[in-house]
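Here is a quick tour of a few spots worth a look in this protein. Have the viewer open as you read.

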Amino acid sequence: MHSESPLRRPAAEGDSEGCAQPDAIQDVFRDLDRRLRGRFAQVTGGQSPWAALQAWEDWYFHLSVSPARQIELWWRWSEALQALAQSERAGEGDEWAFKPEPGDRRFRSPGWNRAPYRFLAQSHLAAEAQWRAATSCLRGVADHHARRVAFMGSSFLNALAPVNFPWTNPDVLDATLASNGQNFMRGMTHLWQDIAAQSGHLRPDEKHAWQVGKTMAITEGQVVYRNHLFELIQYAPTTGKVHPEPVLIVPAWIMKYYILDITPEDSFVRWLVSQGFTVFMISWKNPGTDLRDTAFDDYRRNGVMEALEVVHAACGGAPVHGVGYCLGGTILAIAAAVMGRSDDNRLASLTLLAAQTDFREAGELLLFIDESQVALLEDMMHIDGTLDARNMAGAFSVLRAHELVYSRIVERYMLGHKAEPGPMEAWLADPTRMPARMHSEYLRQLFMENSFTHGELSVEGEFVAVKDIGVPVFALGAERDHIAPWRSVYRIGLHGSAETTFVLTGGGHNTSVVSPPGKAGAYFYAGPQIGGSTYLEPDAWMARANRKDGSWWPEWLSWLKAKSGSGPRVQSPAPHDALGPAPGTYVLEA
């Protein structure tokens, strides 16, 4: 079932360069060590205390031997206190001395302009500004450590923000006075319901209306292929004839595929089918312990390439448009590079949706990627053979604590607001696990070593690089993407040699992709091509780009049609040997 991946295996305890190969006795003790460290990692939530301690030591030492910098910080703080005093004397109608960063929505309520909340908010913003000054441009500190210390300190300050406490939040106090405290009674009810839901004790009438196969992922189709790693769905045509070139969508296996077929109104799949394309979708299996040794390259060979072979044969040998989302885009890009190296012309084009090929600027996730951290994570995965979905959800919650944690606490438990979960929330609550070996190789080869960019990713006995991709590329980035920052996605234009079109859309990692025509407030930027011999850095590209209101989907469709053949439309191929209706069985596995 599993193959020996040509990617370098992660160094196990005692296997690193310069260490003797362990014998049977050493194996026993080292396995015991890994299990003990794995249990320790479960206690710490998968976080390495040593990685954090190193960062703090590095920062504190270099600040302690920089007395002039310390004086500068004290001077900044004294100026901040003076500015706060002047702002407090000025009154409610004047400008704040300290303003929130762009995108910071914590103090947007008018109540924060009243005394004393105005002073509390500005004092907190002043403390955050002081912390940014204390952790930036400190000579001698490793950049990784400086960013980690800055993040950890900012997270601590964010937790202490006055918006997070009922006695310092004007909206909560106003709601309490208006309802005679009923908001807290409702909040306690919501808290109890959430605790019960986490324990799996939901009453039937509490289950929300979003269910896979009933209200989500309901575009008509058939499962036409299945192996141990994925199911392949072929969607039914809605037009008389279709373009000869089919579309194969490769979603990330970190979450379930139906983000791209979430509801009929927001379904990327349904819209694409309505435009006259035959669409195939990979639905990844939610791995258990039996898939613990599944390699990262297995997702390319036994996933992408097997699916491509089925699609290519089903559509009469027509070239296939490959569309990859997030991690699915990364593995699809690697597959395209291997195909380019071997003159395999079964791909017509490559579309990367919020997908990275260069991990040098991979955002805040890089804060949690170093040898100590990855080794501890590997030991934790060693116990069960997978990375539990709760660990992934916890990491993303830490990165966006205000949006995903604190604002929910205020809205649901303090204000007592009951917001019914929408389809996106239901999808986010339906995550998947990650095979231990695959996740380890992914973190080491791509995040830590950035090997695909450097031409050091060994696949099938040869090194491949981004520049081996030979088909036209469409890359989509999102302005507020914390998972795949748009400047990181953009860097395919620096390393690739193929014709590359880049589009920047509003929204985050998921909301940017789910952007059907007619979506309120949608916009995107389209600019010059970024591939070729001359590299245009991101900000220069942005300066030349044109903002367009509306969804990016029609813009991509025009590009896709231009990369399709000029031949007449044909009958959509009928599914052969259908294994069952969409959405299949793998997507239903918990």
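Before anything else, a word on "contact": here the term means heavy atoms within 4.5 Å. Also keep in mind that this is a predicted model.

**Around Asn-164**

Let's start with Asn-164, which is in the loop between α5 (143-159) and α6 (170-179). Which residues does Asn-164 touch, leaving aside its neighbours within four places in sequence? The answer is Asn-158, Ala-159, Tyr-406, Val-410 and Met-414.

Two of these contacts can be looked at atom by atom. A polar atom of the Asn-164 side chain is 2.7 Å from the backbone oxygen of Asn-158. For the backbone oxygen of Ala-159, the distance to a polar atom of that Asn-164 side chain is 3.4 Å.

Is Asn-164 buried or exposed? Its relative accessibility is 11%, so Asn-164 counts as buried, because the buried class covers anything under 20%.

Ser-155 belongs to helix α5. With 26% relative accessible area, Ser-155 is partly exposed. Now try picking Arg-400 in the viewer: Ser-155 and Arg-400 are 245 residues apart along the chain, yet their C-alpha atoms are separated by 9.4 Å.

Ala-375 is partly exposed, at 25% relative accessible area.

| Pair | Apart along the chain | C-alpha separation |
|---|---|---|
| Ser-155 and Arg-400 | 245 residues | 9.4 Å |

**A nonpolar patch**

Next, turn the model to find Phe-29 in helix α1 (residues 24-43). Phe-29 has a relative accessible area of 55%, so it is exposed, since the exposed class begins over 50%. Which residues make up the nonpolar surface patch of about 540 Å²? Phe-29 is one of them, together with Ile-25, Val-28, Leu-32 and Leu-36.

**Cysteines**

How many disulfides turn up in a search of the whole structure? The count is 0. Cys-137 is exposed, with a relative accessibility of 79%, whereas Cys-326 is buried, at 13% relative accessible area.

Key. Residues are numbered from 1 along each chain as its sequence is written. This is a predicted model: local features need pLDDT of at least 70, side-chain atom pairs count only at pLDDT 80 or more; totals for chains, interfaces and linings use all residues. Side-chain values use heavy atoms; hydrogens and water are left out. Helices (H or I, at least four residues) and strands (E, at least two) are DSSP runs, numbered from the N terminus. Buried means under 20% relative accessible area, exposed over 50%, partly exposed in between (1.4 Å probe, protein chains only). A polar contact is a pair of N or O atoms within 3.5 Å; within protein, one must be able to donate a hydrogen and the other to accept it, and residues adjacent in sequence count only if both atoms are side-chain atoms. Patches are made of residues with over 30% relative accessible area and no salt bridge: like charges are joined within 9 Å, nonpolar side chains (Val, Leu, Ile, Met, Phe, Trp, Tyr) within 5 Å. Accessible areas come from the Shrake-Rupley method with a 1.4 Å probe; for residues, only the protein chains shown count as cover. A salt bridge is a side-chain nitrogen of Lys or Arg within 4 Å of a carboxyl oxygen of Asp or Glu. A disulfide is a pair of cysteine sulfur atoms within 2.5 Å.
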